[in-house]
Amino acid sequence: MTKDLRGALVGFCNPLLDISAVVDDELLSKYNLKANDAILASPEHVPLFQTLIDSYDAKFLPGGAGQNTLRGAQLLLPADSAVFMGAVGKDENAERLKGAAERAGLRTNYMVNPEKPTGTCALLITGPNRSMVANLSAAETYQFAHTQKTESWNIIEKAQIYYITGFFFTVSPDTIEAVAKHSLENNKTFTMNISAPFVPPVYKDLVEKTLPYIDILFGNETEAAALAGAFGIESTDIKVIAKKVADMPKNGSKPRLVVFTQGDKNTVVATSDSDEIRVYAVTPVPSNEIGDTNGAGDAFVAAFLAQYIQDKPIDACVQAGHWLGGEVVRMIGPNYPEGDLKFVASEDFAPVVEKI
């Protein structure tokens with residue numbers, strides 16, 4: 001019997017229109033930006049958005065990490081499997097975001113704030129690196145009351161897996177808590193992404209409060225290091241960090257899975273019910289085929305969750321993540337290839353198993 005996946009995956013994040021451009025190091029220096037980072041815009045960054053439009057070959061792309069992931073997952077799943085929630089303005093950019101979601105078959109349940117413009121994110125591309133500066137605007141006005149609405153809560157109750165980015169700690173921690181508790185009480189799967197290095201130190205109390213509910217935690221190497229620093233993990237070895245995070249206190253009977261990516265380096269997976277660490281090699285995309293790396297991490301999670309929700313083994317979930325991440329880095333911006341996307345697992349794909 002085929003598993004019913006209608007509305008099975010629900011995600012929350014900040015829907016943003018990306019303004020993407022290839023820039024030089026001088027522009028990064030002017031705005032005190034790092035080449036590979038993600039931050040929230042401060043007043044000094046306000047002129048940056050117009051500078052990209054006026055002085056660079058800027059491209060407007062549908063973005064927001066969580067919505068990118070849900071779009072990608074829906075492309076790999078049966079119709080109407082995924083639903084995304086977040087806040088937008090009542091403007092043309094909101095229509096652009098909604099249109100991009102609809103083209104992927106992704107259902108949206110936006111909270112619309114007519115008083116604020118839809119949020120934007122500046123993506124500054126330098127070689128293989130991308131620096132993200134988010135101006136949340138309407139996105140940061142998301143209200144827990146929207147989560148509590150009958151239409152929204154019905155969507156949440158129907159879901160089997162939840163995916164919330166760390167960026168949402170800045171917006172609606174009440175939503176994160178409510179969804180996490182519902183997931184635990186109903187034996188569902190609650191997943192999160194660290195999302196950015198600033199999240200663990202700045203929102204440490206909220207992260208610590210939420211961690212016991214997290215069944216699957218995603219992050220990259222810089223985010224893993226930030227989490228380790230915030231929680232006193234005295235190691236720079238990503239395998240050790242992954243295992244120590246997996247072993248942190250957890251509610252319920254499910255083991256916690258921790259998945260850390262490292263770009264074109266190995267992906268590391270640890271779980272709380274085993275002392276084994278799985279290390280998965282990545283097949284690098286040739287440099288002459290790379291468009292930019294923006295959205296690769298979102299795509300990894302998209303394909304991972306699309307396999308996981310279909311009860312595929314973790315090896316296949318990681319392999320799918322590598323595959324879709326590789327497809328996205330060949331594009332410009334967080335875009336997915338045109339046409340039908342279909343993942344075919346290889347039996348030769350297997351991790352190196354280590355013990356910590």
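These are my notes on what I looked up in this predicted model.

**Ground rules.** Residues are numbered from 1 along each chain as its sequence is written, and side-chain values use heavy atoms, with hydrogens and water left out. Because the model is predicted, local features need pLDDT of at least 70 and side-chain atom pairs count only at pLDDT 80 or more, while totals for chains, interfaces and linings use all residues.

**Record.** I looked up the UniProt entry, which is unreviewed and places "domain: Carbohydrate kinase PfkB" at residues 28-336. UniProt positions are in the numbering used here, feature names are shortened, and annotations may be inferred rather than shown by experiment. I found the end C-alpha atoms of that span 27 Å apart, with 40% helix and 22% strand. Helices (H or I, at least four residues) and strands (E, at least two) are DSSP runs, numbered from the N terminus.

I traced an open sheet of five strands in the order 3-10-9-2-4, with mixed pairing. Strand 3 (37-40) and strand 4 (59-63) are at the edges with a single partner strand each, so one side of each has no neighbour in the sheet. From one strand to the next, the twist averages 25 degrees. Two strands count as paired if DSSP finds at least two bridges between them. Strand 3 runs parallel to strand 10 (residues 129-135) over four bridges; Leu 40 has Ala 134 of strand 10 as its bridge partner.

I then checked helix 2 (residues 46-55), which lies across strand 2 (16-22), strand 4, strand 9 (120-126) and strand 10, at about 60 degrees to strand 9. Contact here means heavy atoms within 4.5 Å. Axes are lines fitted to C-alpha atoms, for helices over the stretch in contact, and angles run from 0 to 180 degrees between N-to-C directions.

**Cysteines.** How many disulfides are there? I count zero, taking a disulfide as a pair of cysteine sulfur atoms within 2.5 Å. For Cys 13, the nearest cysteine sulfur belongs to Cys 121 and is 10 Å away. Cys 13 is buried at 1% relative accessible area, and Cys 317 is buried at 0%. Buried means under 20% relative accessible area, exposed over 50%, and partly exposed in between (1.4 Å probe, protein chains only).

**Helix 13.** I compared the length of helix 13 (residues 314-329) with expectation: its 16 residues should span 22 Å, and the end C-alpha atoms are 23 Å apart, which agrees. The expected span is 1.5 Å times one less than the number of residues. Of those 16 residues, 13 are buried.

**Val 202.** Val 202 is in helix 8 (residues 199-202) and is exposed at 55% relative accessibility.
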